[in-house]
Amino acid sequence: MKKLTVCVCPGCVLNGAMDLVHTAQQLLELRVSTCTPASFTLLTALPPQGLAACHSSPAFTIEGQAYTKASPEELLTQLTAH
């Protein structure tokens, strides 16, 4: 099962993290903390640490690989590549 984690600390949210969450939910057809038939689990990283990438937010990880200053388009690209 592949794990997608989107940081939802205040800095990431202010810079568009919820757009990443919504994009993932639509593409993978799942809710936070559930799995999909495509073998993805969508999680959120909460404060106080989130993904520790506040300086380059918003951020997400797929299987531990971090993507920073991320856009919904980059998330789509990375999800389809995995």
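Two strands count as paired if DSSP finds at least two bridges between them. In this predicted model, strand β1 (residues 2-7) meets that condition with β2, the two running in the parallel sense over 6 bridges. Within that pairing, V6 has T44 of β2 as its bridge partner.

Helix α3 (residues 72-81) packs on the sheet and touches β1, β2, β3 and β4, with a direction at about 5° to that of β3. Helix α2 (residues 17-28) lies across β1, β2 and β3 (59-62), and runs at about 150° to β1.

The sheet itself is open and has 4 strands, ordered β2-β1-β3-β4, with mixed pairing. Strands of a sheet pair through backbone hydrogen bonds, in either the parallel or the antiparallel sense. Because β2 (40-45) and β4 (65-68) each have a single partner strand, they stand at the edges, and one side of each is left without a neighbour in the sheet. On average, neighbouring strands of this sheet are turned by 20° against each other, direction ignored.

Turning to aromatic side chains, the structure holds 1 aromatic pair. F60 and Y67 make up this pair, with 4.9 Å centre to centre and 20° between the planes, and the arrangement is stacked.

| Residue | Relative accessibility | Class |
|---|---|---|
| F60 | 0% | buried |
| Y67 | 11% | buried |

Buried means under 20% relative accessible area. F60 therefore counts as buried at 0% relative accessibility, and Y67 therefore counts as buried at 11%.

Definitions and conventions
Residues are numbered from 1 along each chain as its sequence is written. This is a predicted model: local features need pLDDT of at least 70, side-chain atom pairs count only at pLDDT 80 or more; totals for chains, interfaces and linings use all residues. Side-chain values use heavy atoms; hydrogens and water are left out. Rings of Phe, Tyr and Trp (its six-membered ring) pair if their centres lie within 6.5 Å; planes under 30 degrees apart count as stacked, over 60 as edge-to-face and the rest as tilted. Buried means under 20% relative accessible area, exposed over 50%, partly exposed in between (1.4 Å probe, protein chains only). Axes are lines fitted to C-alpha atoms, for helices over the stretch in contact, and angles run from 0 to 180 degrees between N-to-C directions. Contact means heavy atoms within 4.5 Å.
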